[in-house]
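Take a look at the sequence and the model first, then read on.

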Amino acid sequence: SNLPCFTRAEYLGWLMSGYKNRIGIAGTHGKSTVTSMTGKIFADAGLDPTIMVGAQMRDMDSSYRIGERDYFIFEACEYTDSFLSFCPTTAVVTNIEYDHADYFKDMNQLEHSFESYMELADTTVAYIDDSNVRLALKDTGVKAVTFGIDSDDADFRAVNITYDCRGCAGFDIVHGGDTLCHIQLGVPGRHNVIDALAAFTSAYISGVGADEIAKSLLTFSGAKRRFEYKGTTPEGAAVYDDYSHHPSEIEAAIDAAKKLGKRIVCVFQPHTYSRTISLLDGFVSALGTADEAVLADIYAARETNPGGISSKIIADRLKNGRYIPNFEDIVSYIRKTCSENDLILVTGAGSITQVADMLVSAK
């Protein structure tokens with residue numbers, strides 16, 4: 001047959017080309033949450049956006065929304081350079097950190113890909129606190145609108161950050177010396193302050209009012225598997241499910257969990273052998289910030305085991321690490337050792353989400 005064949009990225013790039021404004025959210029971490037936040041802001045403002053996310057949006061109970069042709073808001077993944085098939089008018093970059101070692105041979109290759117992505121757009125919205133993002137902006141010379149917490153030269157800044165008893169942040173947004181509004185989030189952790197800043201900046205420069213954005217963010221309930229509260233074990237331990245599969249993501253999730261004032265037990269399933277090998281020290285460091293870490297076997301995904309790597313290697317390097325390869329045995333261990341003073345954080349991009357479900361449905 002003579003049927004033309006396209007990759008998903010090529011098809012999505014063609015599909016979005018018919019939309020007037022195309023906002024693509026890229027970055028090693030936070031893409032799904034920022035895309036979900038941004039999409040909700042535009043929808044709540046009555047702009048009827050089309051949205052494509054790599055996770056389920058809890059507010060819309062879907063990973064996509066079909067709207068009018070003015071705004072196409074989408075998650076732009078760097079894996080295999082798929083985001084270079086897209087045509088954003090606004091390129092959002094949340095951060096740049098080394099990942100996907102099975103495709104990107106080194107940081108230089110990854111950095112170059114993000115630079116190429118930025119160059120596709122008319123405007124780049126960038127997290128300037130990230131040194132790799134700052135470097136990429138300098139190398140490309142693209143026109144950028146920046147956001148951050150620590151950087152005095154950021155165009156949009158979050159200041160006066162406080163956290164409530166749920167670990168959810170409240171903060172003011174400052175732009176050009178003026179306080180635009182106060183934001184109160186309903187999702188916990190410092191990382192969500194950064195995600196909200198990215199969404200705010202993208203919406204504000206598109207013409208959405210600051211107060212409208214603040215009102216929308218107040219009711220944002222998160223993307224599924226992004227620090228998602230699942231319930232409690234029969235013994236009373238709180239269970240949260242999170243997609244974290246990179247050391248920085250795991251550390252951010254543990255930090256968010258700590259704000260709830262309980263003992264943190266992190267259950268982690270590494271995702272792919274190549275990532276586990278290339279980021280091994282990072283995983284040890286990140287999991288070491290929990291009170292206890294339980295390691296399941298590595299989720300192979302698209303790879304075959306090269307040998308010489310195992311979750312046990314991580315567990316053995318941790319002071320409070322424990323290697324339990326089997327899901328049923330993990331559930332049994334958690335139920336025996338954890339009660340209402342404990343928070344169970346189930347992390348990983350593979351099948352480990354089953355453990356969260358097993359824990360809250362246990363009899």
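Accessible areas here come from the Shrake-Rupley method with a 1.4 Å probe, and for residues only the protein chains shown count as cover. By that method the protein exposes about 15,100 Å², and carbon and sulfur atoms supply 48% of it.

A word on the ground rules. What you're looking at is a predicted model, where local features need pLDDT of at least 70 and side-chain atom pairs count only at pLDDT 80 or more, while totals for chains, interfaces and linings use all residues. Residues are numbered from 1 along each chain as its sequence is written, and side-chain values use heavy atoms, with hydrogens and water left out.

**The big picture**

The protein has twelve helices and 16 strands; these are DSSP runs numbered from the N terminus, with helices being H or I of at least four residues and strands being E of at least two. Along the principal axes, the C-alpha atoms fill a box of roughly 55 × 55 × 40 Å. The radius of gyration is taken over C-alpha atoms, and the globule rule is 2.2 Å times the number of residues to the power 0.38. For 363 residues a compact globule would come out near 21 Å, and the protein's 20 Å agrees with that.

How much of the protein is buried? Buried residues make up 54% of the 363, where buried means under 20% relative accessible area, exposed over 50%, and partly exposed in between (1.4 Å probe, protein chains only). As for contacts (heavy atoms within 4.5 Å), take those with a separation of 6 or more: residues 24 or more positions apart account for 64% of them.

**Asn95 and its surroundings**

Asn95 sits in the loop between β5 (90–93) and α3 (107–119). It counts as buried because its relative accessible area is 12%. Its side chain reaches the backbone nitrogen of His29 at 2.8 Å, and a polar contact of 3.4 Å joins it to the side chain of Thr94. A polar contact is a pair of N or O atoms within 3.5 Å; within protein, one must be able to donate a hydrogen and the other to accept it, and residues adjacent in sequence count only if both atoms are side-chain atoms. Leaving aside neighbours within four places in sequence, Asn95 touches residues including Gly27, Phe114 and Asp130.

**Salt bridges**

A salt bridge means a side-chain nitrogen of Lys or Arg within 4 Å of a carboxyl oxygen of Asp or Glu. The structure holds 17 of them, and here are some.

| Pair | N to O distance |
|---|---|
| Asp99 and Arg275 | 2.6 Å |
| Asp153 and Arg134 | 3.0 Å |
| Lys230 and Asp357 | 3.1 Å |

Asp99 lies in the loop between β5 and α3 and Arg275 in helix α8 (residues 273–278), so their bridge ties together parts 176 residues apart in sequence. Asp99 is buried at 3% relative accessible area, and Arg275 is buried at 2%.

Asp153, at 49%, is partly exposed, and so is Arg134, at 34%.

Lys230 is partly exposed at 28% relative accessibility, and Asp357 is partly exposed at 36%. There's a network too: salt bridges link Arg263, Glu292, Arg322 and Asp342.
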